Amino acid sequence: MLEYEKYIYEKDIRFANKIELNNLLPDIKIINPNLKSVHSQILQNVNDKVIKSFNGFFNRINNGNKAGYPRFKNINRYNSFTYPQSGFKFLNNKKLKLSKIGIVNINLHRIIKGNIKTLTIIRTSTNKWFACFSVHIDINPPKRESNKIIGLDLGLDKFAVLSDNSVIENPRFLKKSLERLRLKSRQLSKKEKGSSNRLKSRFKLAKLHEKVYNQRLDFLHKTTLKFVNEYNCIALEDLNPSSMKNKYLQFSINDVSWDRFRQLLTYKAEYAGCKLDFVNPKNTSKECSKCGNIQDMPLSKRTYNCSCGLSISRDFNSSLNILHHSLFHRHMAGTAIKACEEVSVETSVKQEATCLS
Ligand SMILES: [Zn+2]
């Protein structure tokens, strides 16, 4: 399909749409009869993915970002397929019927709620197979009684510093396993290509990567759950880590996974009826949380000292600013969320307002 897109572009200076790609399938099945053993919607879904990657490519170009042309995917890296609507059926809680594959035993991790929309079968690099359902469900978040609000400053040194001055340490899972990862990669690179030892070695490396991934995910799930259970309103910076291009920091940024944190926090908050506010990150570290004065704060400066007498840790200062900015914003816009309006830290809003007036 990718090849066809290239061909059409060279011929007509345009790209083929999904319908055109789908219309190619019958002919491709004649050339490659193996494809007849794949459910038709799965093949169409591959076309969806091709179109999506082209759309992503153009979006990135239109937004002025660096964009790589969609690439061919090695068969070893092709680890999932999707039934977008039909072709699968639960026989009971232990068996799943997949069209053109047959009946497979499953280990149901949890009862599926809502209307099942799609099913994606995933094989991990350690040869574990997962059936992932996406479902449509109506969320009725519970009414929250308390009015607890918190500002979060996510960092590389500490995972997060909260506006009540408590700290969540950065577990640094990747860093902890780095030695062993390097050792395993070295061992892999020494094995002869195509040998069974190389396969074994690759599997061991994949196992270790999986472990780090699982540790991190577990940490993020627990941390985000704790936040939405404990607080009604959470303010954090509207950072876009994927746009933060700093090759020295990139490793650490990957290790703390802010993207994933934000993703998990967002959906958990929705379930729990907890409000999130992503505030503009401008000056959150440079501004004095007490008097509003702005000063340069290079990363090496760990304490915020101000002429007004404030002397607190850099990250604590940021978390207070994040909290103040979010409240102030709501205050001004008159769109205050009820639970947030009657907050205990109202004094800081007033303080902020006087500073700006
Ligand atoms: Zn100050």
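I take two strands as paired if DSSP finds at least two bridges between them. Helices (H or I, at least four residues) and strands (E, at least two) are DSSP runs, numbered from the N terminus.

**Entry 1. Source and overall counts**

I worked from a predicted model, in which local features need pLDDT of at least 70 and side-chain atom pairs count only at pLDDT 80 or more, while totals for chains, interfaces and linings use all residues. Residues are numbered from 1 along each chain as its sequence is written.

I found ten helices and 13 strands in the protein chain. For burial I applied this rule: a residue is buried if 20 or more other C-beta atoms lie within 10 Å of its own, exposed if 12 or fewer, and partly exposed in between, with C-beta atoms placed from the backbone. By that rule, 19% of the 357 residues of the protein chain count as buried.

I then turned to contacts, where two residues qualify if their C-beta atoms, placed from the backbone, lie within 7 Å. Of the contacts in the protein chain with a separation of 6 or more, 58% join residues 24 or more positions apart.

**Entry 2. β7, β8 and β9**

I looked up the bridge partner of Val161 in β9 and found Val167. Val161 of β8 also stands opposite Asp153. β7 (149–154) and β8 (158–162) pair in the antiparallel sense over three bridges, and a hairpin with three residues joins β7 to β8.

β8 and β9 pair in the antiparallel sense as well, over three bridges. Four residues lie between β8 and β9 in their hairpin. I noted that β8 is mostly covered, with four of its five residues buried.

In the loop between β8 and β9 (167–169) I found Asn165. Asn165 has a positive phi of about 70° although it is not a glycine. Is Asn165 buried or exposed? Asn165 counts as exposed, because it has 12 C-beta neighbours inside 10 Å.

**Entry 3. The largest nonpolar core**

I defined a nonpolar core as a set of buried Ala, Val, Leu, Ile, Met, Phe, Trp, Tyr and Cys residues joined through C-beta atoms within 7 Å. The largest such core has 28 residues, and Ile150, Leu152, Tyr231, Ile234 and Ala235 touch the most other members. The elements that give two or more residues to this core are β7, β8, α5 (196–230), β10 (233–237), α7 (258–272) and α8 (314–333). As a general point, nonpolar side chains tend to be buried together in soluble globular proteins.

I followed Leu152 further. Leaving out residues up to four places away in sequence, Leu152 touches Ala160, Leu162, Ile234, Ala235, Leu236, Ser319 and Ile322.

**Entry 4. Helix packing**

I fitted axes as lines to C-alpha atoms, for helices over the stretch in contact, with angles running from 0 to 180 degrees between N-to-C directions. The axes of α5 and α7 come within 9 Å and cross at roughly 40°.

The crossing of α5 and α7 is right-handed; a crossing is left-handed if the near helix is turned anticlockwise from the far one by less than a right angle, and right-handed if clockwise. On the α5 side, the contact includes Leu220, Leu225 and Phe227. On the α7 side, the contact includes Phe261, Leu264 and Lys268.

I also examined α2 and α3 (residues 40–62), which pack at an angle of about 145° with their axes 9 Å apart. α2 passes α3 in a right-handed crossing. Lys18, Leu21, Asn22 and Leu25 in α2 meet Leu43, Gln44, Asn47, Asp48, Val50 and Ile51 in α3.

I recorded α1 as hardly covered, since the count of buried residues among its eleven residues is one. Ile13 follows α1 and lies in the loop between α1 (2–12) and α2 (18–31). Phi of Ile13 is near 50°, a positive value in a residue other than glycine. Ile13 counts as exposed because it has 7 C-beta neighbours inside 10 Å.

**Entry 5. The three-stranded sheet**

I traced an open sheet of three strands in the order β1-β5-β6, with antiparallel pairing. Its edge strands are β1 (80–83) and β6 (129–136), each of which pairs on one side only. Neighbouring strands of this sheet are turned by 20° against each other on average, direction ignored. Four bridges join β1 to β5 (residues 115–123), and Tyr83 stands opposite Leu119 in β5.
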